[in-house]
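Please read the following report alongside the sequence and the coordinates. The account moves from the overall architecture of one chain to a single element within it.

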Amino acid sequence: MAKIAKRVFLLIMLMFIYLPILILAVYSFTSATQIGAIRGFSMQNYITLFTTPELTDMIRGTLFLALGSATIATILGTLGAIGAFYSDRKMSTLISSLNQVPVVNADVVTGFSICILLVVVLHVSKETFIPLVAGHVTLCAPFVFLSVMPKIKQMDSSIYEAALDLGATPFTALTEIVIPQIVPGIISGFALAVTLSLDDYFIAMYTKPAMFDTISTYVVNATKGSQTTIKTALWALSTVIFAVVVLIVVGMNVRAMRQEGGSRAETK
Amino acid sequence: MQFSRKNLGIPYFIFLLFFVVAPLIVLVFYAFTNGQGQFTLENLTGFFTDANTLGTLFYSLAVAFVTTAVCLLLAYPIAYILAMSEIKTKSVIVMVFVLPMWINFSLRITALKEVLTLLEGNLARYPFLNAVVGITYDFLPFMILPIFTTLSKLDGSLREAAMDLGADKVQTFLQVTLPLSVPGIVSGVSMVFLPAMTNYVVLDMLYNSTYIMGSLIGSYFSAYNWHGGSMIALILLAIICLFTLLTSDGEETGERGGALL
């Protein structure tokens, strides 16, 4: 009895989470302009999505921005974490606490304060993309720092010492010994940075060039507009992103299970 | 100059000074000056004497409290059932619950809006309800994940010990499992409470109204009133600091409780 109740509860929650996305996915394959209306099958939304320059530009721009700022954030955050770990205690604490500020701060405040500093005080034009990229790097780098730091702490420091004793320069020891050991942290930091940048609305809103849109800022404007062809093309976009996310997550799980199976076989 | 590992942190330190510290200093400066650059407390007193801004503050606190409570009441049982279940694939099932995290929030809210419009008609008729539903829909995964992580790391033998010593299921839950899961609850609450106070775009998308703290910044921003906007940002920062202090206290007691056991 209790078991059934649990299952029913989980099922209801899954429905709450997934029904809206799935309903939208179904309707994206019809010519209906609002859900509830029954219309015939149509691929028009997908054609519009991939052939309207405004839409394709916006998607490409969002991806470039995410990959670009995540790359900068990963380099800065990783070097920052290594540097902070090997600095004296005072400096290390200072970097770690400053790193915490954007993490706990509201995105609205982060975006607004960067906009004021760069645009209002220093007169940097938003059209240069500098405020936007700076904002996204500020959003992402602290999370890279946080995912790299534990890996550095877990690292076996004697290997580094051994490399130095065997004649490696500190720089070679860093690139050959330290970096390879923290790669998992760097990769998950980068993935997190891409996700954060893709999902951001507020920082982009306060710092983006007038004619540039990310998916978030574009969709928010489109829901308020009355252009139904764009509105329903976004249903198609939602469905495409949903499919991509499902594929990535399934792929990661399959890989993790295989690796688990592999390592288990090795220990035997 | 000789290469040293600690110098690697310098670029990031400078970056933090420029993009984290400097913006906050500018924010404080703007909050306490007027258009002519003279010192003034007008922005501060203006906030606390204006019925509209004060109302917004209390309204968004109410939205944040209710939303956080709803998220917790939904997420805890989900995390608990999954963490306690015997199935081997439970980490995959949790994945199913938190997967929407990776879909752009604006597209998810669009989907929710379509469904709610079908059910309710005009969404502006029930602003409070729809605010809570919308933000819950957006942030529920962020509450499930930390609670699940904490619960699945719990040492099962503690529960068994409690049962052996004569506690019934409810007592075991209330006196062993629940206190030990406090760190997960705290980090979940901090992931939901602050966005619920500031993330006005969800409400804006649902029913074109933005009666919540974050939106005040937005409206000052649109009006190019940097001084008023800075003051709102500063007040939000104060709330965030207060909240962070409170929750880090909770985390410590949680850890201490765990250490004692």
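## Chain B and its helix α11

In chain B, residues 24 or more positions apart make up 69% of the contacts that have a separation of 6 or more. This is a predicted model, and the values given here should be read with that in mind.

Chain B holds twelve helices and zero strands, so that, by the DSSP assignment of runs, its order of elements from the N terminus on reads α-α-α-α-α-α-α-α-α-α-α-α. Along the principal axes, the C-alpha atoms of chain B fill a box of roughly 70 × 70 × 35 Å. Of the 261 residues in chain B, 49% count as buried, while the chain exposes about 12,100 Å², of which carbon and sulfur atoms supply 68%.

The charged side chains of chain B comprise 11 positive and 15 negative ones, and the centres of these two sets lie 9 Å apart.

| Property of chain B | Value |
|---|---|
| Distance between the charge centres of chain B | 9 Å |

Why is helix α11 of chain B largely enclosed by the rest of the structure? The helix spans residues 213-222, and seven of its ten residues are buried, which is the reason it counts as largely enclosed. The buried residues of α11(B) are M213(B), G214(B), S215(B), L216(B), I217(B), G218(B) and F221(B). Just after α11(B), Y224(B) takes a positive phi of about 55°.

Terms used: Residues numbered from 1 in each chain as written. Chains lettered and ligands numbered in written order. Predicted model: local features only at pLDDT ≥ 70, side-chain atom pairs only at ≥ 80, totals over all residues. Heavy atoms only, no water. Buried < 20%, exposed > 50% of the residue type's maximum accessible area, 1.4 Å probe, protein only. Helix = DSSP H or I, 4+ residues; strand = E, 2+ residues; numbered from the N terminus. Contact = heavy atoms within 4.5 Å. Areas by Shrake-Rupley, 256 points an atom, 1.4 Å probe, with all protein chains shown as cover. Lys, Arg positive; Asp, Glu negative; His and termini not counted. Charge placed at Lys NZ, Arg CZ, Asp CG, Glu CD.
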